[in-house]
Amino acid sequence: MSLVKHEILIGVSGGIAAYKIAGLVSQLVQSGLGVSVVMTTSATKLISPKTFEALSGRPVRSSLWKSDLIHPHIDLARKAELFCIAPATANLIGKAANGIADDLLSSIFLAFDGPILMAPAMNSVMWGKPSVQRNVQQLIQDGVFMVGPDSGHLSCKEQGIGRMSSPDLIYEKIHQIINDLETQ
């Protein structure tokens, strides 16, 4: 099965797991998907947009205001068939669950009307907070797909739940959603 006709939008928020998404973007592009990347300002502090530009062959967007697109949040949302946000930080999850759109990534979330997949990643104490769990449950009720988080070694040198699912698992979930789109 060829996936060449599909466009994927990858949203990268400011969690340390952002570096793992480079491998995911590479894997998606190599499988024949069109991939565009949007980053929060915080994410650009953890991994260079140039990395994603080299892997995707496309410009990386990170601003509502500094863009060659007139309406970047609308234009990018309309072009993609699937929106995957990885890592999805507690901040991004909270904004998405509550309809807050104060940057390009959260604005695209509100403008996108196709399937959305989130891969949460954060410290296990943060993951366990009732507010984060309420926000996650709200997003699931709103139809957002979740993958992870997993248990394991966290960047804070602790063990626990909050580790972003592997890029391979996120890739499989993206592939599953695309297959479901094709059968509709």
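Helices (H or I, at least four residues) and strands (E, at least two) are DSSP runs, numbered from the N terminus. What you see is a predicted model, where local features need pLDDT of at least 70 and side-chain atom pairs count only at pLDDT 80 or more, while totals for chains, interfaces and linings use all residues. Residues are numbered from 1 along each chain as its sequence is written, and side-chain values use heavy atoms, with hydrogens and water left out.

**Stop 1: helix 5 and helix 8**

Select residues 90–97, which are helix 5, and residues 130–141, which are helix 8. Their axes lie 9 Å apart, and the helices pack at an angle of about 50°. That is therefore an oblique pair. For the wording: angles under 35 degrees count as roughly parallel, over 145 as roughly antiparallel, 65 to 115 as roughly perpendicular and the rest as oblique. The crossing of helix 5 and helix 8 is left-handed, meaning that the near helix is turned anticlockwise from the far one by less than a right angle; clockwise would be right-handed.

Now show side chains. Helix 5 brings Ala 90, Ile 93, Gly 94, Ala 96 and Ala 97 to the contact, and helix 8 brings Val 132, Asn 135, Val 136, Gln 138 and Leu 139. Contact means heavy atoms within 4.5 Å. By class, this contact has 7 nonpolar, 3 polar and no charged residues. Here Ala, Val, Leu, Ile, Met, Phe, Trp, Tyr, Cys and Pro count as nonpolar, Asp, Glu, Lys and Arg as charged, and the others, Gly among them, as polar.

**Stop 2: helix 1 and its partners**

Next, pick helix 1 (residues 21–30) and helix 9 (residues 167–182), whose axes come within 9 Å and cross at roughly 40°. That makes helix 1 oblique to helix 9, and the crossing is right-handed. Look for Leu 24, Gln 27 and Leu 28 in helix 1, meeting Pro 167, Asp 168, Ile 170, Tyr 171 and Ile 174 in helix 9. These contact residues divide into 6 nonpolar, 1 polar and 1 charged.

Helix 1 passes helix 3 in a right-handed crossing. On the helix 1 side you'll find Ile 21, Ala 22, Val 25, Ser 26 and Val 29, and on the helix 3 side Thr 51, Phe 52, Leu 55 and Ser 56. That contact has 6 nonpolar, 3 polar and no charged residues.

**Stop 3**

In what order do the 5 strands of the open sheet run? Follow them as 2-1-3-4-5, with parallel pairing. Strand 2 (34–39) and strand 5 (145–146) stand at the edges with a single partner strand each, so one side of each has no neighbour in the sheet. Two strands pair if DSSP finds at least two bridges between them; strand 1 (residues 7–12) and strand 2 are joined by 6. Click Leu 9 and you'll find Ser 36 of strand 2 opposite.

**Stop 4: two cis peptide bonds**

Most peptide bonds are trans. Zoom in on Ala 86 and Pro 87, though: the bond between them is cis, with omega near -5°. Pro 87 belongs to strand 3 (residues 82–88). Then try Gly 148 and Pro 149, also joined by a cis peptide bond, with omega about 10°. Pro 149 sits in the loop between strand 5 and strand 6 (150–153).

**Last stop: zoom out**

The whole protein has 9 helices and 7 strands.

Note on methods: Axes fitted to C-alpha atoms, helices over the stretch in contact; angles between N-to-C directions.
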